[in-house]
Amino acid sequence: MVLLVGVTRFELATTRPPDVYSTGLSYTPFFKRSAKVHCLLKNSIYYFEFLFFLWHALHCIHVFLLSENLNYLNLPSKILEQAVNELSQFPGIGKKTALRMVIHLMKQPEESVGSLAKAIINLKTNLQFCSICHNVSETDTCDICKSVNRNKRIICVVKDFQDCISIESTGHYNGTYHVLNGLVSPLDGIGPEEINIASLLKRVNENETDEVILALSATMEGDTTSFYITKKLKDKSIKVSQISRGISIGGELEFADEITLGRSLLSRIQVS
Ligand SMILES: [Zn+2]
């Protein structure tokens, strides 16, 4: 925008204004001189304006490029730099936030930092995925799969273990889970073979299963995955269901989008 205005000003500056003194013989040499001075002054103002806009545009480009390189920090210590680099690997954490975290850690007692380091190492050394449902577990089989109080004939299919935590938090589910560890996404090159669908089908084939609940995201990838699993389980004599989609609790109808509202109407439930 600034450049556009600048270029327009430059065009105006390079276009000579109409010569008022050349249009008739009534002008005296005095007017000729004053008209020339006027034109020179006017052109100079245009040039200065153009230079100002050019400087402003270059300044904006400089600020933009600087903001792109905000991650560059000139740290005084290699140890500090290494800690910042490691922490900035976390999703959503830039170099500046990582530096704030490092400064916070430096202010903590040694025991506290040691405890944090131990907890992080434990994540990799003592935590694994359940051999049955692929949920996180400290042993080969997770507590849910081991529990005698859970209904093993119902399997809830989820994208990742965070979804298990969310569903468990509701307190309304007593079956088991199957964590896919992703969703089918042809655009990202993720096919059914890349996620835990084969183990789900094997599990259904080898164990008595009454129902498979598809608790996947209401996205194109979630729907594609649900469609694929439904197709694969079509010939089995088991119930395949999908979690309801619609208006959230406390949500206003006027703020709901057309697709959500449409799905709510289609999946309405009888109340009397
Ligand atoms: Zn398990």
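Biologist: Which elements make the right-handed β-α-β unit?

Modeller: In this predicted model, strand 3 (residues 151-158), helix 7 (residues 161-170) and strand 4 (residues 175-179) form that right-handed unit.

Biologist: In what sense do strand 3 and strand 4 pair, and over how many bridges?

Modeller: They pair in the parallel sense, over five bridges.

Biologist: How many bridges join strand 3 to strand 5?

Modeller: Four. Strand 5 covers residues 211-214 and runs parallel to strand 3.

Biologist: Now helix 9. What length does it reach?

Modeller: Helix 9 spans residues 220-232, 13 residues in total. From first C-alpha to last it reaches 18 Å, close to the 18 Å expected at 1.5 Å a residue.

Biologist: Which residues of helix 9 are buried?

Modeller: Start with the general idea. An α-helix has 3.6 residues a turn, so residues three or four places apart point the same way. In helix 9, the buried residues are T225, S226 and I229. Seen down the helix axis, they fall within an arc of 100 degrees, so they line one face of helix 9.

Biologist: What do these buried residues pack against?

Modeller: Strand 3 and strand 5 again, plus helix 8 (197-206) and strand 6 (239-242).

Biologist: And which exposed residues does the face turned away carry?

Modeller: F227 and K231. Both are exposed, on the face of helix 9 turned away from its buried side.

Terms used: Residues numbered from 1 in each chain as written. Predicted model: local features only at pLDDT ≥ 70, side-chain atom pairs only at ≥ 80, totals over all residues. Pairing = 2+ DSSP bridges. Helix = DSSP H or I, 4+ residues; strand = E, 2+ residues; numbered from the N terminus. Right-handed = clockwise from strand over helix to strand, strands pointing away. Expected span 1.5 Å × (residues − 1). Buried ≥ 20, exposed ≤ 12 C-beta atoms within 10 Å, placed from the backbone. Arc of directions from axis to C-beta. Contact = placed C-beta atoms within 7 Å.
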